[in-house]
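Have a look at it first, then go through the points below.

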Amino acid sequence: MADRAHSASLDAEEVARFEALAARWWDPDGPMKPLHRFNPARVAIFRDAIAARFGRDARAMRPLEGLRLLDVGCGAGVLAEPLTRLGADVTAIDPAPDLIAAARKHAADHDLEIAYRAATAEELAAEGALFDVVIASEVVEHVTSVRDFVAVVASLVRPGGLALFSTINRTLVAHALVIIGAEYVLRWLPRGTHAYEKFVTPEELGRACRLAGLEVSDVRGVKFNPLRNAWGASADLAVNYTLAAVRPDAA
């Protein structure tokens, strides 16, 4: 962990905070309950974006078959597992060894083959690794430099490939709902999970993508619908949103 603390974008305190939750990461009623509730919506949005980019039928049983996908900041694998079930060849990384251990155990218990590594995106970039799709979901708001982090993510996307992000907008509405509401009033999340100043606007994330050589192709909100008791895609970007960006084909 000490060596990884010098990563251009890694926040060691954030890593330690999440690593402490490893034992209960897969508990649907535990401290990561909001992530479990949110997960089906982000999986559907990412699946549709990938299918559209690579000419796949999003409603097929395994629409991501044959695509190499990297999940950056994978935690204990809540996103990596459904993407694997959709057919992707998933490599999933996190700098927290305890989270990777929990991820490997859960995948083994469910007969899923996922290449988990306790590593940073910078380490894979130094190895020259390239993927069809690179996902950084609920990670951007925890790094020290959005610009540096996005540049590393972009370097891992093959020409013609896709980068996908989900994060939280820096708005007063997001502060009220995510920090005051979810952390302090409802206590859905441990206090200190998020810092308002680290939230990232779509404009800032889009700018970081363009500086890294990516072309933003889609931005959409993700919103909780109390009538359906479920999260889903929305035109409202005020709180949660996703962003898709393409790495242009080599000239």
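Predicted model: local features only at pLDDT ≥ 70, side-chain atom pairs only at ≥ 80, totals over all residues.

1. Start with the fold elements: the protein has 8 helices and 8 strands. Residues are numbered from 1 along each chain as its sequence is written, and side-chain values use heavy atoms, with hydrogens and water left out.

2. Along the principal axes, the C-alpha atoms fill a box of roughly 50 × 40 × 35 Å.

3. How much of the protein is buried? The share is 53% of the 251 residues, where buried means under 20% relative accessible area, exposed over 50%, and partly exposed in between (1.4 Å probe, protein chains only). The accessible surface comes to about 11,500 Å², and carbon and sulfur atoms hold 54% of that. The areas are from the Shrake-Rupley method with a 1.4 Å probe; for residues, only the protein chains shown count as cover.

4. For contacts (heavy atoms within 4.5 Å), take the pairs at least 6 apart in sequence: 69% of them join residues at least 24 apart.

5. Charges next. I get 28 positive and 33 negative side chains, with the centres of the two sets 4 Å apart. Lys and Arg count as positive, Asp and Glu as negative, and His and the chain ends are not counted; each charge is placed at NZ of Lys, CZ of Arg, CG of Asp or CD of Glu.

6. Two backbone spots to check. Asp111 has a positive phi of about 55 degrees despite not being a glycine; this residue sits in the loop between α4 (97-109) and β3 (115-118) and is exposed, at 72% relative accessibility. Glu138 also isn't a glycine, and its phi is positive, near 60 degrees. Its loop runs between β4 (131-137) and α6 (146-155), but Glu138 is buried at 18% relative accessible area.

7. Cysteines: a search of the whole structure turns up 0 disulfides (pairs of cysteine sulfur atoms within 2.5 Å). Cys74 is buried at 6% relative accessibility, and Cys209 is buried too, at 0%.

8. His106 belongs to helix α4 and is buried, with 16% relative accessibility. Beyond its neighbours within four places in sequence, His106 touches Trp26 and Glu81.

9. Last one: Arg85, in helix α3 (residues 80-85), is partly exposed at 42% relative accessibility. Leaving out neighbours within four places in sequence, its contacts are Met61, Arg62, His110 and Leu112. From Arg85 to Ala163 is 78 residues in sequence and 20 Å in space, C-alpha to C-alpha.

Key. Helix = DSSP H or I, 4+ residues; strand = E, 2+ residues; numbered from the N terminus.
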